[in-house]
Amino acid sequence: MKYSHAYADIALIVSLLLLSVFVFRPLAANAAASPAGQSTEQLSSAQLQVENVSIEVTFAPGKLQTPREYLLQWISNSAQAVAHYYGRFPVPRLRLLLTPEPENAGVRFGTTFGGEHPLIKVWLGQFTDEEMLHHDWVMPHEMVHLAFPHVAEEHHWLEEGIATYVEPLARFGVGQVPVEKIWQDLIQGLPHGLPQPGDQGLDHTHTWGRTYWGGALFCFLADLEIRQRTANQRGLQDALRAIVAAGGTMAVAWPLSRALAMGDQAIGAPILTELYDRMKATPTEVDLADFWKRLGVETQGDTIIFHDDAPLASARQAIQAAAQGRELAWASHSE
Ligand SMILES: [Zn+2]
């Protein structure tokens with residue numbers, strides 16, 4: 001659920017100012033009473049090198065049944081996915097604190113702190129197993145947060161939207177999830193991002209749906225518009241990469257306009273800025289059913305069926321191919 005995570009990210013904004021107070025404060029004082037799992041007092045910290053990032057992993061006191069090697073592999077896999085999507089990991093150094101939650105199972109939620117020494121905190125249940133780590137979206141979601149500058153709180157929806165939209169694409173890009181997962185997530189999630197009665201646009205409607213999925217809707221519309229206007233030569237991924245390349249990571253705070261302009265420059269058209277102007281203070285209606293038809297994505301029960309003769313099928317394929325890091329030979333010829 002992304003709901004509980006929303007609270008974590010709200011805490012993030014507030015806590016940025018109090019960073020040093022929160023770091024490495026043990027939170028699991030009562031874990032000693034837990035019936036199973038190894039104590040993290042035996043889990044020593046680790047230094048991981050994944051692509052260009054050096055990750056210092058620390059464990060808060062408590063108990064975890066998951067072997068340390070699985071936890072480190074999960075962190076490496078998540079970093080690998082994000083580095084692949086962006087062409088490199090957004091920051092050179094990262095601190096990561098894992099905190100066990102007694103009696104629980106699964107990856108519970110995460111929070112990312114920016115600034116000069118970025119920190120990701122993730123809470124996971126004592127009984128988390130390898131399968132749960134394999135299916136986890138929280139760790140890559142938090143790592144994607146590192147790839148965009150900290151912006152004013154009214155634009156928080158874009159920080160969450162990018163993380164929500166990019167996370168499955170990044171995992172797909174390195175073969176961690178099947179292609180269907182990208183579209184399944186969007187089909188199930190994007191309706192939550194549509195404006196409800198009383199909506200005043202993304203900058204002024206701070207509900208869970210409009211924050212996570214309204215932000216993802218912005219990314220989805222931007223990606224498709226970029227694909228259509230550049231004959232599939234460029235996509236949102238190019239814009240996001242350019243922002244990181246210009247130093248726009250969570251290590252810094254930028255005005256949103258600067259980040260959007262940086263992305264637009266990479267695409268060669270002011271698509272992000274124009275879309276933002278359309279959606280920031282207006283409840284823009286979007287016909288999602290029509291988009292699925294034009295993209296050639298059909299759901300039949302739990303199954304996704306792709307139609308490659310649909311009018312926007314080439315845009316869908318270009319988004320997928322870009323995430324995988326390969327160019328489509330025919331992309332330059334399509335409309
Ligand atoms: Zn988030």
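Me: How do you know that strand S3 (residues 53-59) and S5 pair?

Reply: Six bridges join S3 to S5, and the two strands run parallel. Strands pair if DSSP finds at least two bridges between them, so S3 and S5 pass with six. Within this pairing, valine 57 stands opposite leucine 96 in S5. This is a predicted model, in which local features need pLDDT of at least 70, side-chain atom pairs count only at pLDDT 80 or more, and totals for chains, interfaces and linings use all residues. Residue numbers start from 1 along each chain as its sequence is written.

Me: What makes a run of residues a helix or a strand?

Reply: Both are DSSP runs numbered from the N terminus: a helix is H or I with at least four residues, a strand is E with at least two. The protein has 13 helices and nine strands.

Me: Why are S2 and S6 called the edges of the sheet?

Reply: The open sheet has five strands in the order S2-S3-S5-S7-S6, with mixed pairing. S2 (46-50) and S6 each have a single partner strand, so one side of each is left without a neighbour in the sheet. On average, neighbouring strands are turned by 20° against each other, direction ignored. Helix H3 packs on this sheet and touches S2, S3 and S5, its direction making about 30° with that of S2.

Me: How do you know that S7 pairs with S5 and with S6?

Reply: Seven bridges join S7 to S5, and these two run parallel. Six bridges join S7 to S6 (residues 107-113) in the antiparallel sense. Glycine 125 of S7 is the bridge partner of glutamate 101, and isoleucine 120 of S7 is that of threonine 112. The hairpin of S6 and S7 has five residues between the strands, and glycine 115 there takes a positive phi near 90°.

Me: Why is valine 91 called buried?

Reply: A residue is buried if 20 or more other C-beta atoms lie within 10 Å of its own, exposed if 12 or fewer, and partly exposed in between, with C-beta atoms placed from the backbone. Valine 91 has 21, so it is buried. Its place is the loop between helix H3 (68-86) and strand S5 (93-101).

Me: With which residues is valine 91 in contact, leaving aside its neighbours within four places in sequence?

Reply: They are Val53, Pro118, Leu146, Thr249 and Ala251. Contact here means C-beta atoms, placed from the backbone, within 7 Å. Alanine 251 is 160 residues from valine 91 along the chain, with 7.8 Å between their C-alpha atoms.

Me: Why does glutamate 103 count as partly exposed?

Reply: Glutamate 103 has 14 C-beta neighbours inside 10 Å, which lies between the limits for exposed and buried, so it is partly exposed. This residue, in the loop between S5 and S6, has a positive phi of about 75° although it is not a glycine. Most residues other than glycine have a negative phi.

Me: Is asparagine 232 buried or exposed?

Reply: Asparagine 232 has 24 other C-beta atoms within 10 Å, so it is buried. Its loop joins helix H8 (208-229) and helix H9 (236-245), and its phi is positive, near 65°.

How values were computed: Two residues are in contact if their C-beta atoms, placed from the backbone, lie within 7 Å. Axes are lines fitted to C-alpha atoms, for helices over the stretch in contact, and angles run from 0 to 180 degrees between N-to-C directions.
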